[in-house]
Amino acid sequence: MKRKSVTAVTAALTIALAAGLGGCGSAESSGGKESVRLMVWSPSGDQSKDTGEWLQKTCESFAQLHPEWDITFVYGVADEAGAAGQVAQDAEASADVFMFANDTLTTMTDAKALAKFGGKYREQIESTNSQEVIDSLTMDGELYGVPFTTNTWFMYYDKSVFSEEDVKNLDTMLEKGVVSFPFTNSWYLPAFYLGNGCTLFGDGTDESAGVDFAGEKAVEVTHYLIDLIDNPNFVVDADGSGMAGLRDGSINAIFTGSWDAENIREILGDNMGVAALPTYTLNGKEVQMLAYAGSKAIGVNPNCEDMVPAVELAIYLGSAEAQQSHYDLRSVIPCNTQLLESAEIAADPLVQAQNDTFNETSILQPFVSGMNNCWTPVENMGKGIRNGSITHENAEEQTNAMNEAMNSDGI
């Protein structure tokens, strides 16, 4: 695919945005329309016939809204986490429009592989999303994507085992049923530490502040986790074991996100309960677990040949109409503020759980580059507790070692 240089297209995009994107200079087809070719990437589920071919149908609707363009769509498969690596590695050979998770923002901006949204487009995005969602896609004052869902995790439970009161506290739940948690997954385990005052890069944006997962506040969490792993009603969720246990009835609650909603609904039926994160009881006090939270968004490649249609398509893929169909077909929770006020969506327990977690029981996951050093040490902590190498006797030493590693480039 022919590509413009990054410098040229950045200048062109800045001018076009300021002018309202008045024309893109694409070739004119025989019918008087501008010929446009757009490569679009999304997860496979968005393109599957089993889930209604959301991407293809939404792109076709976009084409109908723009008869001035003769658009050829080329579809490719890349999930939100994987797209960043591919685009950053070779932006000129990558999609024009793609979906990405906001925690990969630094990877792509460092590679100059993500276009900024300004002018009327930024105004439109900001007017239909909460400030927290906008913040998740903003770096150095620049907005880099069109959000289409918040991205976090919460709790699913069997309502025949736990009451709404039970699920407010993890330790109460463990007295009544079996709970599975991704203990060795470093996207989940920090929830215990963050709830007790541990911090990442100050407010999450100050890389110079470093990580504070040390001291008494962190050590007492490690002691709690050592006891938790020994509880017979607590099971480590790894490699799908939590979902399997939910299916055979050996597990009564798991922690995951909206992407597993349909499978869990199939398993539990009317007994499917959904809730934001519970508290846990640490040395006699209630501590609120805090999940990492962010967003998923549509990005535009700054090397795109047909920049105007690409930006317009990104805006449309994140529009209220597109988010509604994404929700209807795939249970992707919308973030558009107008949609969230609709009676149908507002009444959905799944929407409530995700929004309650995002707004009340989470922190915005930092996307500073130092965050890359935080995953492996936390994973090793979970594995060490699970296999018994981290004990009450060495908890302080091991916790401080984790903190040191999180503040180092050595792991």
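In the predicted model, glutamine 47 lies in the loop between strand S1 (34-42) and helix H2 (54-65), where helices (H or I, at least four residues) and strands (E, at least two) are DSSP runs numbered from the N terminus. Residues are numbered from 1 along each chain as its sequence is written, and side-chain values use heavy atoms, with hydrogens and water left out. Because the model is predicted, local features need pLDDT of at least 70 and side-chain atom pairs count only at pLDDT 80 or more, whereas totals for chains, interfaces and linings use all residues. Glutamine 47 counts as buried, at 14% relative accessibility (buried means under 20% relative accessible area, exposed over 50%, and partly exposed in between, with a 1.4 Å probe and protein chains only). When its neighbours within four places in sequence are left aside, glutamine 47 is in contact with Ser42, Glu53, Leu55, Gln56, Tyr75, Gly76 and Val77, contact meaning heavy atoms within 4.5 Å.

Tyrosine 75, one of the residues in contact with glutamine 47, also takes part in an aromatic pair. The structure holds 19 aromatic pairs, a pair being rings of Phe, Tyr and Trp (its six-membered ring) with centres within 6.5 Å, and planes under 30 degrees apart counting as stacked, over 60 as edge-to-face and the rest as tilted. The rings of phenylalanine 73 and tyrosine 75 have centres 6.1 Å apart and planes at 15°, so this pair is stacked. Phenylalanine 73 is buried, with a relative accessible area of 17%, whereas tyrosine 75 is partly exposed at 29% relative accessibility. A tilted pair is formed by phenylalanine 192 and tyrosine 224, with 6.1 Å from centre to centre and 35° between the planes. This pair links distant parts of the chain, since phenylalanine 192 belongs to helix H8 (residues 190-195) and tyrosine 224 to helix H9, 32 residues apart. Phenylalanine 192 is buried, with a relative accessible area of 0%, and tyrosine 224 is likewise buried, with a value of 9%. Both residues belong to one aromatic cluster, formed by Trp153, Phe181, Trp187, Tyr188, Phe192, Tyr224, Phe255, Trp259 and Tyr280.

Helix H9 (residues 216-229) also packs against H17 at an angle of about 45°, with the axes 9 Å apart; axes are lines fitted to C-alpha atoms, for helices over the stretch in contact, and angles run from 0 to 180 degrees between N-to-C directions. The two helices H9 and H17 are therefore oblique to each other, given that angles under 35 degrees count as roughly parallel, over 145 as roughly antiparallel, 65 to 115 as roughly perpendicular and the rest as oblique. Thr222, Leu225, Ile226 and Ile229 of H9 make the contact with Met381, Ile385 and Arg386 of H17. By class, this contact of H9 with H17 has five nonpolar, one polar and one charged residues (Ala, Val, Leu, Ile, Met, Phe, Trp, Tyr, Cys and Pro count as nonpolar, Asp, Glu, Lys and Arg as charged, and the others, Gly among them, as polar).

Helix H17 (residues 375-387) also meets helix H18 (residues 395-406), their axes coming within 8 Å and crossing at roughly 160°. H17 and H18 are therefore roughly antiparallel to each other. In this contact, Pro377, Val378 and Met381 in H17 meet Gln398, Thr399, Met402, Ala405 and Met406 in H18. The residues of the contact of H17 with H18 divide into six nonpolar, two polar and no charged.
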